[in-house]
Amino acid sequence: MLDLLQVGLGPTCIYSPQKSLRDTSLAAQAACEYRALSIGEVGTPLRINPIRTTGDHNLTTHLSVMVDEVVDSLRVAPGGRRYVECTLGPGGHSAAVLGAGGPGTQLLGLDADPSALEAAQSTLASYSESTLLIQANFSHLEIACKTHGYLPVDGILFDLGMSSLQLEAGRGFSFQEDAPLDMRYDPSQKLTAADIVNHYPEADLARILYKYGEERHARRITRRILENRPLATSRELAEVVESALGGGRGRLHPATRTFLALRLVVNQELENLASALGQALNLLRPGGRLVVLSYHSLEDRVVKDFIRRESRQCLCPSRTPVCLCNHIPTLWPVSRKVMAPTPQEIKSNPRSRSAKLRVAERL
Ligand SMILES: C[S@@+](CC[C@H](N)C(=O)[O-])C[C@H]1O[C@@H](n2cnc3c(N)ncnc32)[C@H](O)[C@@H]1O
């Protein structure tokens with residue numbers, strides 16, 4: 001059986017076992033043995049609890065993106081290496097990593113969504129001896145790895161955003177479904193898309209659509225939302241946006257940017273990504289690889305800026321005559337050019353079309 005543990009926001013304590021990853025009594029211990037721990041930068045104390053899963057999932061609807069490129073970029077090789085997937089989803093990339101690494105390869109998988117962990121549990125069933133799956137936001141990456149002795153690691157993968165399973169699960173992510181306006185990856189989190197759409201002041205809502213959706217018509221859409229409040233479902237929201245903007249805006253559905261903005265804010269995606277990238281530096285061994293698949297320009301910018309900044313010798317303003325910052329580069333950008341899926345992959349998996357792969361190596 002896989003060890004399935006939950007790292008969620010909770011009261012002021014954390015279970016911190018310095019135990020073997022394969023210790024099957026870990027889950028049982030986690031239920032009863034807690035000790036106080038300050039998490040510093042991460043901010044919120046964690047609680048780790050065992051969760052139960054059914055493992056009964058149909059995995060036919062999510063196709064992992066750029067799998068060969070991801071495995072190559074992580075430089076997966078035999079010899080007992082240790083990898084972390086921060087966005088486990090249904091486990092496709094993780095299965096490829098474990099398969100390529102062979103016996104002795106270890107993998108820690110995180111996902112904020114318990115249903116993703118259930119799906120991954122069945123995908124990775126044949127690797128149960130070498131796999132640890134944890135329900136956790138990757139903003140808690142460092143503490144999750146340290147708690148479970150995953151340090152240092154040889155590769156860390158982020159495959160950002162949502163999976164096709166989530167898109168089709170009736171959780172309000174898709175404007176093509178009529179589902180409650182939820183959009184949370186972690187169902188125990190309080191804030192939903194409905195809260196934002198129905199309760200945020202006009203100026204805040206417009207700012208969110210503009211900043212996170214890069215929506216030029218944010219004010220017009222917001223005014224129309226306010227006229228139609230309360231909105232209960234994704235279909236209702238999509239129709240309101242359509243009515244504000246009129247039909248065809250090229251290839252994009254008129255509600256695409258609005259839905260993206262709400263999803264990013266509900267899940268604090270950009271903020272969590274920036275935090276987790278910084279934590280990854282503290283976990284990778286020298287020569288270890290950071291591999292990130294992103295699907296829209298805002299998240300790609302966070303990744304690109306992070307790698308660029310961490311690769312520089314000096315962060316002083318350009319006019320400073322002598323370096324005063326003493327910045328020490330921590331990353332080497334493996335390729336300056338971003339990688340993208342092949343035309344064949346885009347044809348067989350249209351959802352891969354916006355993917356961008358960036359790779360950096362820990363110095
Ligand atoms: C694109 S899917 C990953 C698919 C996976 N790589 C595969 O090949 O099967 C992204 C997953 O990341 C999870 N996720 C997104 N943001 C997260 C965060 N901040 N912390 C943890 N999981 C997150 C989502 O719940 C989703 O399951």
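**Figure 1. Confidence and overall make-up of the predicted model.** The protein averages a pLDDT of 85, and 83% of its residues score at least 70. Residues 8–60 are another matter: the pLDDT over this stretch is below 50. Beyond near neighbours in sequence, residues 8–60 have 84 contacts in the model. The model is predicted throughout. It holds 14 helices and nine strands. Of the 363 residues, 45% count as buried. Among contacts between residues at least 6 apart in sequence, 70% join residues at least 24 apart.

**Figure 2. The shell around the ligand.** The ligand is surrounded by 23 residues. Ser64, Thr87, Gly89, Gly92 and Asp159 are the closest. By type, the shell divides into seven nonpolar, 13 polar and three charged residues. Two elements, α3 (92–101) and β4 (106–111), each supply at least two residues of this shell.

Figure 3. Strand β5 spans residues 131–135, and five of its five residues are buried. In a regular strand, side chains alternate between the two faces of the sheet. Both faces of β5 are covered. Thr131, Leu133 and Gln135 are buried on one side. Leu132 and Ile134 are buried on the other. β5 pairs with β4 in the parallel sense, over five bridges. Within this pairing, Leu108 has Leu132 of β5 as its bridge partner.

Figure 4. Strand β6 covers residues 153–159. Seven of its seven residues are buried, so β6 is largely enclosed by the rest of the structure. Strand β3 (residues 82–85) runs parallel to β6 and is joined to it by three bridges. Here Tyr83 stands opposite Gly155. β7 also runs parallel to β6, with six bridges joining the two. Val153 has Leu284 of β7 as its bridge partner. Asp159, in the stretch 153–159 of β6, is one of the closest residues to the ligand.

Figure 5. Strand β9 (residues 356–362) is mostly covered, with six of its seven residues buried. β9 pairs with β7 (residues 284–294) in the antiparallel sense, over six bridges. Ser294 and Lys356 are bridge partners in this pairing. Strand β8 (residues 331–333) also runs antiparallel to β9, and three bridges join them. Pro333 stands opposite Ala360 of β9.

**Figure 6. The buried face of helix α9.** Helix α9 runs over residues 218–228. Its buried residues are Ala218, Ile221, Thr222 and Ile225. Seen down the axis of α9, these residues fall within an arc of 100°, so they line one face of the helix. Their cover includes α7 (193–199), α8 (202–213), α10 (234–245) and α11 (256–266).

Figure 7. Ala276 lies in helix α12 (residues 269–281). With 22 other C-beta atoms within 10 Å, Ala276 is buried; the cut-off for that class is 20 or more. Not counting residues up to four places away in sequence, Ala276 touches Cys86, Phe138, Ser139 and Leu141. Asn137 is 139 residues away from Ala276 along the chain, yet their C-alpha atoms are separated by 9.3 Å.

Figure 8. Leu151 and Pro152 are joined by a cis peptide bond, with omega about -5°. Pro152 sits in the loop between α5 (141–147) and β6. The peptide bond from Arg229 to Pro230 is cis too, with omega near -5°. Pro230 belongs to the loop between α9 and α10.

Figure 9. Arg75 is not a glycine, although its phi is positive, about 50°. Arg75 is placed in the loop between α2 (67–73) and β3. It counts as partly exposed because it has 17 C-beta neighbours inside 10 Å. Gln268, also a residue other than glycine, has a positive phi near 45°. Gln268 lies in the loop between α11 and α12. With 14 C-beta neighbours inside 10 Å, Gln268 is partly exposed.

Technical notes:
Residues numbered from 1 in each chain as written. Predicted model: local features only at pLDDT ≥ 70, side-chain atom pairs only at ≥ 80, totals over all residues. Buried ≥ 20, exposed ≤ 12 C-beta atoms within 10 Å, placed from the backbone. Helix = DSSP H or I, 4+ residues; strand = E, 2+ residues; numbered from the N terminus. Arc of directions from axis to C-beta. Contact = placed C-beta atoms within 7 Å. Pairing = 2+ DSSP bridges. Near = placed C-beta within 6 Å. Nonpolar A, V, L, I, M, F, W, Y, C, P; charged D, E, K, R; others polar. pLDDT = per-residue confidence, 0-100.
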